[in-house]
Amino acid sequence: MPRTPIPGRTTAAAEGDLVVFLIGMRINHLWAPHHWLRVLVAMPRMLRELRRRPDSGLLGYQLLTGSPRTYYVVQYWRTKEQLLRYASDLTGLHRPAWTMVNRYERKKALHVGIWHETYVVPAGNYESIYGDMPAYGLGAATGVRPLREGVSARARLEGHR
């Protein structure tokens, strides 16, 4: 993934349906790292595991921060079935991480909050433009191609890329 800007306007090279999965955590008690640090480091481990498995369905991701207390990941997946398969895989890192989070919730300690949102996006219901940007977001996940001059956002949403 190039880190230097790509001159001009580009669009994601995504084709077909895709899944956007947002997952994050909020540190509720900053001065209790022994409660939230394990949750914070679990996600990068799972992402490394998924990168080593090209057949997992994970197309790409962006690690982001919303504040000094809030961290999240935007993930792009090929299909919801592949996302759900990873979530329920008994041999992967997700299951132990989920067990750990459930244990914290049962204790009602409220030291760390977690959330996720899943969006199944049919083809023709997403579009992207990157102007003088390195590949980012969906473009980093699927690659980019030059944006055709004169093609509007409406046309891209209707599948005319």
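Predicted model: local features only at pLDDT ≥ 70, side-chain atom pairs only at ≥ 80, totals over all residues.
Residues are numbered from 1 along each chain as its sequence is written, and side-chain values use heavy atoms, with hydrogens and water left out.

Q: How many salt bridges does a search of the whole structure find?
A: A salt bridge is a side-chain nitrogen of Lys or Arg within 4 Å of a carboxyl oxygen of Asp or Glu. With that rule applied to the whole structure, the number found is three.

Q: Which residue forms a salt bridge with Glu15?
A: Glu15 lies in the loop between β1 and β2 (18-27), and its partner, 130 residues apart from it, is in strand β7 (residues 144-146); helices (H or I, at least four residues) and strands (E, at least two) are DSSP runs, numbered from the N terminus. The closest N and O atoms of the pair are 3.1 Å apart, and the partner is Arg145.

Q: Is Glu15 buried or exposed?
A: Buried means under 20% relative accessible area, exposed over 50%, and partly exposed in between, with a 1.4 Å probe and protein chains only. Arg145, the salt-bridge partner of Glu15, is partly exposed because its relative accessible area is 23%. Glu15 has 57% relative accessibility and therefore counts as exposed.

Q: Where is Arg53, which meets Asp89 in a salt bridge?
A: The N to O distance in this salt bridge is 3.6 Å. The two residues are 36 residues apart and link distant parts of the chain, with Asp89 in the loop between α2 (80-88) and α3 (94-107), and Arg53 in the loop between α1 (33-51) and β3 (58-67).

Q: Which side chain makes a polar contact with the side chain of Asp89?
A: Asp89 counts as buried because its relative accessibility is 17%, and, not counting residues up to four places away in sequence, it touches Arg53 and Arg95, where contact means heavy atoms within 4.5 Å. A polar contact is a pair of N or O atoms within 3.5 Å; within protein, one must be able to donate a hydrogen and the other to accept it, and residues adjacent in sequence count only if both atoms are side-chain atoms. For Asp89 such a contact is made, at 2.7 Å, with the side chain of Thr91.

Q: What is the N to O distance in the salt bridge of Arg156 and Glu127?
A: Arg156 is buried because its relative accessible area is 2%, whereas Glu127, at 30%, is partly exposed. Their side chains meet in a salt bridge with an N to O distance of 2.7 Å.

Q: Which strands stand at the edges of the open sheet of three strands?
A: Two strands pair if DSSP finds at least two bridges between them, and here the order is β6-β1-β7 with antiparallel pairing. Each edge strand has a single partner strand, so one side of each is left without a neighbour in the sheet; these strands are β6 and β7.

Q: To which backbone oxygen does the side chain of Thr11 reach?
A: Thr11 has its place in strand β1 (residues 6-12), and it counts as buried because its relative accessibility is 0%. The side chain reaches, at 2.7 Å, the backbone oxygen of Ser128.

Q: What is the phi of Asp132?
A: Most residues other than glycine have a negative phi. Asp132, in strand β6 (residues 130-133), is not a glycine, yet its phi is positive, at about 50°.

Q: How many aromatic pairs are there?
A: Rings of Phe, Tyr and Trp (its six-membered ring) pair if their centres lie within 6.5 Å, and planes under 30 degrees apart count as stacked, over 60 as edge-to-face and the rest as tilted. By this rule the count is two.

Q: What are the centre distance and plane angle for the rings of Tyr72 and Trp115?
A: Tyr72 lies in strand β4 (residues 70-77) and Trp115 in strand β5, so the pair ties together parts that are 43 residues apart in sequence. The pair is tilted, because the ring centres are 6.0 Å apart and the planes are at 45°.
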